[in-house]
Amino acid sequence: MFKGSFPALVTPFKDGELDLDTLKKLVEWHISEGSHGLVPVGTTGESPTLTHAEHETVVAEVVKAAAGRIPVIAGAGSNNTLESMRLMRHALSVGADAALVVTPYYNKPTQAGLVAHFTALHDCCELPIVIYNIPGRSVVDMTPDTMGELAKLPRIVGVKDATGDLARVCAQRITCGKDFAQISGEDGTAHGFNAQGGQGVISVTANVAPKLVAEVQKATLAGDYATALEIQDRLMPLHQAIFTEPGVVGVKYAMSCLGLCDPEVRSPLTPLTAPTRALVEAGLRHAGLLN
């Protein structure tokens with residue numbers, strides 16, 4: 001169902017408020033640059049510091065701007081099952097194509113708890129679900145066996161895998177089946193992820209380099225890993241620089257260097273330090289995006 005490059009879309013701010021005009025321009029730009037879909041209000045969209053009303057506004061505006069030209073996978077995760085249900089129902093009501101749902105953070109459910117959470121979300125409405133497995137942030141790791149159990153549900157269609165374990169792709173092919181969409185959540189290993197059986201990336205770097213990230217995906221999905229590696233070599237310093245500090249801060253600064261949006265982030269995030277700004281600028285130049 002989902003293949004290729006999906007920017008984990010930033011949420012632009014201006015003077016502390018949503019900058020919807022810039023958000024709409026970014027959607028148009030991503031479509032023109034070849035992105036295969038968009039993922040608003042994930043962590044890179046600063047979902048932890050958006051109000052519920054802002055969250056819903058961003059999803060609705062991105063869906064409206066995309067106008068069916070590329071799929072929109074709306075962030076709808078929470079460590080509160082009822083809240084996640086509400087976010088999913090809203091996303092469905094405005095026309096999103098799927099929901100990205102993170103494993104519940106902080107309250108540390110068991111594997112049985114994960115099954116209960118995702119089953120309840122599956123049953124709450126007709127929106128397809130992409131599981132977001134990121135143990136480094138949520139502390140909980142969904143095992144391949146648990147994911148395989150959930151993959152039997154018709155609307156649990158894939159995973160954004162940010163475990164960093166490329167062997168996990170192979171294990172999940174066994175438990176979830178070959179048609180289950182495995183999408184990388186790590187820019188630095190996304191090309192290798194596809195070699196293991198993956199079929200896409202939900203990318204932070206694609207916010208500033210959508211064409212190059214999409215070209216890596218296009219090459220890997222065609223089996224042309226030599227071309228993918230050449231492009232990845234151009235992108236790797238940028239990947240590393242963006243994640244030197246929290247990724248959304250790094251990529252918003254990179255975007256500001258290209259005049260795409262303001263670098264503003266919400267507390268408790270803070271602007272990039274001078275050394276990291278220099279790394280990001282060097283990464284942009286290495287990728288051929290900045291003179």
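This is a predicted model: local features need pLDDT of at least 70, side-chain atom pairs count only at pLDDT 80 or more; totals for chains, interfaces and linings use all residues.
## Helix α4 and its two partners

Two packed helices are described by the angle between their axes and the distance between the axes. Start with helix α3, residues 81-94, and helix α4, residues 111-124. Their axes come within 10 Å and cross at roughly 30°. An angle under 35 degrees counts as roughly parallel, so α3 is roughly parallel to α4. The crossing of α3 and α4 is right-handed. On the α3 side, the contact uses T81, S84, M85, M88 and R89. On the α4 side, it uses H117, A120, L121 and C124. By class, the contact of α3 with α4 has five nonpolar, three polar and one charged residues.

Helix α4 also packs with helix α6, residues 144-151. The axes of α4 and α6 come within 10 Å and cross at roughly 25°. That makes α4 roughly parallel to α6. The crossing of α4 and α6 is right-handed. Here α4 contributes Q111, L114, V115, F118 and T119. Helix α6 contributes T146, E149 and L150. Four residues of the contact of α4 with α6 are nonpolar, three are polar and one is charged.

## Helices α9 and α10

How do the axes of α9 and α10 cross? Helix α9 covers residues 210-221, and helix α10 covers residues 225-242. Their axes come within 8 Å and cross at roughly 160°. Over 145 degrees counts as roughly antiparallel, so α9 and α10 are roughly antiparallel to each other. The crossing of α9 and α10 is left-handed.

From α9, the contact residues are L212, V213, E215, V216, A219 and T220. From α10, they are Y225, T227, A228, I231, Q232, R234 and L235. The contact of α9 with α10 has eight nonpolar, three polar and two charged residues.

## Two residues that touch this pair

H191 sits in helix α8, residues 190-195. Is H191 buried or exposed? Its relative accessible area is 19%, and the cut-off for buried is under 20%. H191 is therefore buried. Leaving out residues up to four places away in sequence, H191 touches V216, T220, Y225, L229 and Q232. Among these, V216 and T220 are also contact residues of α9, and Y225 and Q232 are contact residues of α10.

S203 is in strand β9, residues 200-203. At 0% relative accessibility, S203 counts as buried. The side chain of S203 reaches two backbone nitrogens: that of T205 at 3.3 Å and that of A206 at 2.8 Å. Leaving aside neighbours within four places in sequence, S203 is in contact with F6, P7, A8, D187 and V213. One of these, V213, also belongs to the α9 side of the contact with α10.

## A buried arginine in a loop

R266 lies in the loop between α11 (247-257) and α12 (274-286). R266 is buried, with a relative accessible area of 15%. What does the side chain of R266 reach? It reaches the backbone oxygen of G16 at 2.9 Å. The side chain of R266 also makes a polar contact with the side chain of E54, at 2.8 Å.

R266 touches F13, G16, E17, E46, T49, L50 and E54, not counting residues up to four places away in sequence. The C-alpha atoms of R266 and P48 are separated by 9.6 Å. Along the chain, R266 and P48 are 218 residues apart.

Most residues other than glycine have a negative phi, and most peptide bonds are trans. The peptide bond from S267 to P268 is cis, with omega near 15°. P268 lies in the loop between α11 and α12. R266 is found in that loop too.

Where are the positive phi values? Y106 has phi near 75°, a positive value in a residue other than glycine. Y106 is in the loop between β5 (98-102) and α4. At 74% relative accessibility, Y106 counts as exposed. V139 also has a positive phi, about 75°, although it is not a glycine. V139 lies in the loop between α5 (135-138) and α6. V139 is exposed, with a relative accessible area of 53%.

Key. Residues are numbered from 1 along each chain as its sequence is written. Side-chain values use heavy atoms; hydrogens and water are left out. Helices (H or I, at least four residues) and strands (E, at least two) are DSSP runs, numbered from the N terminus. Buried means under 20% relative accessible area, exposed over 50%, partly exposed in between (1.4 Å probe, protein chains only). Contact means heavy atoms within 4.5 Å. A polar contact is a pair of N or O atoms within 3.5 Å; within protein, one must be able to donate a hydrogen and the other to accept it, and residues adjacent in sequence count only if both atoms are side-chain atoms. Axes are lines fitted to C-alpha atoms, for helices over the stretch in contact, and angles run from 0 to 180 degrees between N-to-C directions. Angles under 35 degrees count as roughly parallel, over 145 as roughly antiparallel, 65 to 115 as roughly perpendicular and the rest as oblique. A crossing is left-handed if the near helix is turned anticlockwise from the far one by less than a right angle, and right-handed if clockwise. Ala, Val, Leu, Ile, Met, Phe, Trp, Tyr, Cys and Pro count as nonpolar, Asp, Glu, Lys and Arg as charged, and the others, Gly among them, as polar.
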